[in-house]
Amino acid sequence: MMKWILIFFLFIILTILTQIGGLILLLTILIGRILFQHRLSKYPAFKTTILFLVLYLVFTFLIVPPIAQLFGRSPLPVFKNSTLKPASFCSYLFNRHYVKNELSAALEVIGNEFHYQYPEYHVLYLDANFPFFDGFPLLPHLSHNDGKKVDMAFYYLVKDKPLVNDVPTLTGYGYFINPQKGEFNQTEKCISSGNWQYDFTGSLVFQDQNKYQLDEPKTKYLLELIAKNPKIGKVFLEPHLKNRLGFAEANKIRFQGCHSVRHDDHIHIQL
Ligand SMILES: [Zn+2]
């Protein structure tokens, strides 16, 4: 009984994190029963774990991408020689890097334009969408459920030197570029109006505000390329950064609303 409760919770967690992980778990249990559960088999739990990892990787890298095409989605570049790269292994290992082909094409243009201006740098993406089904949310990003959304990383300085093709945290999220003196503080406003979740993405991250700063010229240039791309419909960014980087008049770049989370650690873009 306990075993099945554990399997149920694992199924839920793996499905929330990776979409396919829960199903791979069930497949593993099925195959494992045939292969390892007879009396003479040694270390069935260990072998079952290895079987899960092998199946998960085979599905993630070989089987899911072609099937996702049936849903009009493709994975963003991971190992390919591209101007677009994942900021963290979490996105591609957990199948969180799928987008509609139209968005993929727009990102390729943006990546190439950016790379032309800054040849040493890639455009780094964060979470996008899962490979299958419209309406299946990619938690904690409720709106990333249709293949039309993707988050992009900022560019940073670390102790005043450029941080090249890297981000301050494991996932790329949660390191906030706080409002400076005199800038509007949207976070205070949202939290004081009861939206406790507004800055929760920072709670797991060490906010060493002396270590990293925003690399303003590069982040501004990336935003310019995103905003001028005709395929991109909306961009979400925290108001103090929108103003600081000179986009006060840009209608495409907006505040996402207090029901969401802070957007001074990443840029959200959508078709
Ligand atoms: Zn987003």
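This is a predicted model: local features need pLDDT of at least 70, side-chain atom pairs count only at pLDDT 80 or more; totals for chains, interfaces and linings use all residues.

Residues are numbered from 1 along each chain as its sequence is written, and side-chain values use heavy atoms, with hydrogens and water left out.

**Stop 1**

Now colour by accessibility, where buried means under 20% relative accessible area, exposed over 50%, and partly exposed in between (1.4 Å probe, protein chains only). Histidine 144 comes out buried, at 1%, and aspartate 151 is buried too, at 0%.

**Stop 2: the disulfide**

Next, pick cysteine 190 and cysteine 258. Their sulfur atoms are joined in a disulfide, S to S 2.0 Å; the term covers a pair of cysteine sulfur atoms within 2.5 Å. A search of the whole structure turns up 1 disulfide. Look down the S-S bond: the angle about it is -75°, which makes the link of cysteine 190 and cysteine 258 left-handed. Cysteine 190 lies in helix H6 and cysteine 258 in the loop between strand S10 (253-254) and strand S11 (267-270), so the pair ties together parts 68 residues apart in sequence. For those labels, helices (H or I, at least four residues) and strands (E, at least two) are DSSP runs, numbered from the N terminus. Are these two cysteines buried or exposed? Cysteine 190 is buried, with a relative accessible area of 0%, and cysteine 258 counts as buried at 19%. While you have cysteines selected, click on cysteine 90 as well: it is buried, at 14%.

**Stop 3: salt bridges**

Time for the charges. A salt bridge here is a side-chain nitrogen of Lys or Arg within 4 Å of a carboxyl oxygen of Asp or Glu, and the whole structure has 9 salt bridges.

Start with arginine 73 and aspartate 134, whose side chains meet in a salt bridge at 2.5 Å, N to O. This pair links distant parts of the chain, 61 residues apart: arginine 73 is in strand S1 (residues 73-75), and aspartate 134 is in the loop between strand S4 (123-125) and strand S5 (149-152).

Move on to lysine 228 and glutamate 113, a salt bridge whose closest N and O atoms are 3.5 Å apart. Lysine 228 lies in helix H7 (residues 216-228) and glutamate 113 in helix H5 (residues 101-117), so this bridge ties together parts that are 115 residues apart in sequence. Lysine 228 is exposed, at 54%, and glutamate 113 is partly exposed, at 25%.

Now select Glu183, Glu216 and Arg244, which are linked in a network of salt bridges. Within it, the side chains of glutamate 183 and arginine 244 meet at 2.9 Å, N to O.

**Stop 4: aromatic rings**

Show the rings next. Rings of Phe, Tyr and Trp (its six-membered ring) pair if their centres lie within 6.5 Å; planes under 30 degrees apart count as stacked, over 60 as edge-to-face and the rest as tilted. The structure holds 18 aromatic pairs. Zoom in on phenylalanine 114 and tyrosine 155, which are stacked with 4.7 Å between centres and 10° between the planes. Phenylalanine 114 is in helix H5 and tyrosine 155 in the loop between S5 and strand S6 (156-158), 41 residues apart. Phenylalanine 114 is buried at 0%, and tyrosine 155 counts as buried at 3%.

**Stop 5: charges over rings**

For the last stop, a charge sits over a ring if NZ of Lys or CZ of Arg is within 6 Å of the ring centre and within 35 degrees of the ring normal. Select arginine 262, which lies over the face of phenylalanine 176 at 3.8 Å from the ring centre. Then go to lysine 220: its charged end sits over the ring of phenylalanine 247, 5.6 Å from the centre.
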